[in-house]
Amino acid sequence: MYDVVIGLEVHIQLNTQSKLFSGAAIKFGQAPNSQACAIDLALPGVLPVLNKEAVHQAIKFGLATKATINKVNIFARKNYFYPDLPKGYQISQANYPIVSDGELTFDVNGIKKSVHIVRAHLEEDAGKSIHDLLQDYSAIDLNRAGCPLLEIVTAPEFYSSDEVIAYLKTLHRLVRHLNICDGNMQEGSFRVDVNISLRPKDTTILGTRCEIKNINSFRFIEKAIQYEIERQGAILEKGDKVIQQTRLFQESTGKTIAMRDKEDAQDYRYFPCPDLFPVHISQELLDEIASQMPPLPEDLLAQLTGHYELSEYDAQILIDNTALLQFFFKAIKEQQTPSPKAMANWLLSDISGFANKNQIAFEDLKISPADIALLVDRVNDKTLSSKTAKQVLTFLFEGQTHVDKIITDHNLKQVSDVGALTQAIAEVLEQFPAQRAELKSGKDKLMGFFVGQVMKKMRGTGNPEEVQRIIQDLC
Amino acid sequence: MTAWHQKTLTQLSNHLHQGDISSTALTEHFLNRMQEFNPSLNCYLAITADLALQQAQSADRRLKEKTATLLTGIPYAHKDIFCTQGIKTTCGSKMLENFVAPYDATVTKKLHEQGLVMLGKTNMDEFAMGSTNEHSYFGPCKNPFDLQRAPGGSSGGSASAVAAGLAVFSTGSDTGGSIRQPASFCHLVGIKPTYGRVSRYGMIAFASSLDQGGVLSQSVADAALVLEAMSGHDPLDSTSAHQPVPQYFNLLNNAPNSFKVAVPRSFFEAMDPSSQEAFKKVLEHIRSIGGEVDFIDFNIQDIVIPTYYIIAPAEASSNLARYDGVRYGYQTPHAKNLEDLYMKTRGEGFGAEVKRRILMGTYVLSSGYYDAFYQKALKVRALINSGFQEIFKKYHVIATPTALSEASLLKSHDHDPLAMYYSDLCTVSVNLANLPAISLPLMQRHGLPLGFQLIGNHFDELTLLQISHKLEQVSPWVDHLSPIKARS
């Protein structure tokens, strides 16, 4: 009956050291009002000074989405009264956003889709009002006031919640990859407003939309969209009209509730902020930032799955973890003969596994790309078996270095010498005569048992292929 | 010998350096005069005697240790629009009656680094909105030439204090004439530098794109010394200019031998005949020091007031939104809910003129009116600026009256705010065009001073000061200064 049309506004908190117009820190979870300076408190006479790093991060986003970076940036004041808005206005960009006309391509169930990013503009965050902390008062925390935000606005070009989620996940990955946002949705670093409307199937005129604000997980976004499709559908079914509203998603009920109607919309009296001159972005700055841009996720994916033949799954994990990815590239560069697939396996299974088990961040592990490169090389040239390689890795985790020295010191070199192997095997066969008879009579299952026993005897240093061949010969 | 309070800054600086008097003694002299005369003049809102004596003592140490500058130890009056750490800064408003800033304005900081002695904070129209100083919450300030009259505004207290010999010089701020007009009414030199020359950090905002700090003094040399100390780029003010500050004082005597002066006919013709006579005499003096004077057509008199009174209130309406009773300042004791808190706090905390301008400013920025008023005013402002630039292609300075009549009687504008607005006619265009201008004494009529104004090109305060200084030598208004009634 109806098609859903959705546009998105995503606020990302930029990854700067300090606020957009003051020197106060922006760390999450600090004591209330401990990160609010005179400028954030809007004391008389204070003035804003633009944080250049925020501008650079916005430019990075624009470059990554093939957008136009506008050379003249004018900051405007958006005037309204609220206790957590200390100046009585928010400094934002109205008619002159820093980024316009970008696009983001993403994968929806195997099909590529691109969405038009209409604009992305810089603005400062408001503080937080807390209404349930004190009995007769509302509490205000201004730590968040002035935090740098980039508001990313798409055209109404999403036609299902699947598309919305796929876009958001791709965007989420991109901003973390660019290191311009930590992406933490619980802490409000990645906030999504959904503009949603319905229209009769196969028509083109947009229906009346509702805006659902600040939903803080992908699951809730999906739920909110589903609820809103049903709610608006039921209204239209009855022949009524949808009222243009701002609505809030309620996590407890999975429903959206009306927050304010269009009639309550305020006149924000936007005008250019006279405390800040227009900010001109030079071609030199654009070139400089472009030269420092990391490769984009989509390009990396093509490189890792194409040239390096990794699985898409493994490639994606590497792309999502900058430290891992950089380690991967450094390590294969150090290898005698690069073996990206094997390297990815070591990094994603044993090494990441160790980090997870011990709750250490990957970048805090005491291992160097050179050592891991040599480790994988030593497996490839059969100096180490996978088993002894793991033992070497344990020593590396403890802070030892020099793989070859560890191999020598701990006698971990793989033994392929027939004489040495034959002696060990003969001893084992003698030890288990009954099983030997069974193996001889064709019970192949016991081969594993004997190989295992030989390896145990040799502390893992036996070449497993050779061991198996000799056992067969001797039986 | 002339009394200490009748001497200029430059003279007193010599005395301090020669050891004729200590800064402490000089400061005590001024503090005594303030005790005696401030109750009738009301030019100081706060007298900071303890701080002043402390600063004077450390100035005396610096003088002894030979680390003093020409400003060290000089007692001055600071307009109460500049934040002073640990000392109330009221901006003439009930809203900030008990506000104590935890920081110094950049101007305050720079002046105090020179070792100046702050005697107190001066009276002003509330949030610098007014031309008579009658819009101060703390009562009007009086003109020392005639206690029935206003000293001008908004830097009325600053002008009154220096004219009465209650400070050697004073600071002021000028959004539409607030330094020059009171200087003109109190027979002083008043300079408003180019927008961006002096940091606005910690100078409480009225209209951010027009506000500029400056000096009121007894002589051009005094103004040059103080302005030099105040000026310079400030990383805390994004609109402050990256322009080197010339040595105004040392270069004072290097005026050009010949220069060209434009006199817009419309401004000259707006003066009454006796003012015109006096003004012509100034032009004669100008010619005598190498100035070539041309009368030119520059007809902006009909557009400057409407343009100014759209832009300034628009910015003010937004700048003053922070006074909401939530974090600091006045808070109504009668609020029942949030909206009530806002309405009553602002209704009770602001005076009539401030509320009038907030209303005007809110109106001209409102959706549906923005293009017709604010946007149009910005365009006219750009036109005014380019009109000035055309003139500066041919002329070094522009000469106009500072105000068209002398200081008004108190309460004369009570029911006619428009009349007060139109008294800014000669000064506001300078702010709209971001230009520097200086007001110099022109004459006294029936004992009431009147000034004239020289306008310079952007960041060319030096030429302005040099020409003014040369003019001061041939037309020694400093002599006219001394027999001021309240100064004896």
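Here are some friendly notes on how the two chains of this predicted model are put together.

1. Ground rules. This is a predicted model, in which local features need pLDDT of at least 70 and side-chain atom pairs count only at pLDDT 80 or more, while totals for chains, interfaces and linings use all residues. Residues are numbered from 1 along each chain as its sequence is written, and chains are lettered from A and ligands numbered from 1 in the order in which they are written.

2. Domains of chain A. The assignment for chain A gives domain 1 (2–283), domain 2 (295–405) and domain 3 (418–474); such bounds come from an automatic or database domain assignment. Between domain 1 of chain A and domain 2 of chain A, the C-alpha centres are 38 Å apart. Their contact involves 5 residues of domain 1 of chain A and 6 residues of domain 2 of chain A, where contact requires C-beta atoms, placed from the backbone, to lie within 7 Å. Helix α2 (residues 161–177) of chain A supplies 3 residues, the largest share of the domain 1 side. Helices (H or I, at least four residues) and strands (E, at least two) are DSSP runs, numbered from the N terminus. By class, that domain 1 side has 2 nonpolar, 2 polar and 1 charged residues. Here Ala, Val, Leu, Ile, Met, Phe, Trp, Tyr, Cys and Pro count as nonpolar, Asp, Glu, Lys and Arg as charged, and the others, Gly among them, as polar.

3. Helix α12 against α15 in chain A. Helix α12 (residues 418–431) of chain A packs on helix α15 (residues 464–474) of chain A at about 60 degrees, with 10 Å between the axes. Axes are lines fitted to C-alpha atoms, for helices over the stretch in contact, and angles run from 0 to 180 degrees between N-to-C directions. That angle makes α12(A) oblique to α15(A); angles under 35 degrees count as roughly parallel, over 145 as roughly antiparallel, 65 to 115 as roughly perpendicular and the rest as oblique. The contact residues divide into 9 nonpolar, 1 polar and 1 charged.

4. Helix α12 against α14 in chain A. With helix α14 (residues 446–457) of chain A, α12(A) makes an angle of about 120 degrees, the axes being 10 Å apart. α12(A) and α14(A) are therefore oblique to each other, and their crossing is right-handed. On the α12(A) side are Ala424(A), Ile425(A) and Val428(A), which meet Phe450(A), Gln453(A), Val454(A) and Lys457(A) of α14(A). By class these residues divide into 5 nonpolar, 1 polar and 1 charged.

5. Strand pairing in chain A. Strands β1 (residues 2–13) and β11 (residues 190–200) of chain A run antiparallel and are joined by 11 bridges; strands pair if DSSP finds at least two bridges between them. Val192(A) in β11(A) is the bridge partner of Val10(A). β11(A) also pairs with strand β12 (residues 210–215) of chain A, in the antiparallel sense over 4 bridges, and there Val192(A) stands opposite Ile215(A).

6. The sheet of chain B. An open sheet of 11 strands with mixed pairing runs in the order β1-β3-β2-β4-β6-β5-β10-β11-β9-β7-β8 (chain B). β1 (44–47) and β8 (291–296) of chain B are at the edges with a single partner strand each, so one side of each has no neighbour in the sheet. On average, neighbouring strands of this sheet are turned by 25 degrees against each other, direction ignored. Strands β2 (residues 75–79) and β3 (residues 117–122) of chain B pair in the parallel sense over 5 bridges, with His78(B) opposite Lys121(B).

7. Helix α7 of chain B. Helix α7 (residues 220–230) of chain B packs on the sheet, touching β4 (169–173), β5 (189–192) and β6 (213–217) of chain B. Its axis also comes within 9 Å of that of helix α16 (residues 461–474) of chain B, crossing at roughly 155 degrees. α7(B) and α16(B) are therefore roughly antiparallel to each other.

8. Between the chains. The contact takes 25 residues from chain A and 38 residues from chain B. The chain A side has 17 nonpolar, 3 polar and 5 charged residues.

How values were computed. Two residues are in contact if their C-beta atoms, placed from the backbone, lie within 7 Å. A crossing is left-handed if the near helix is turned anticlockwise from the far one by less than a right angle, and right-handed if clockwise.
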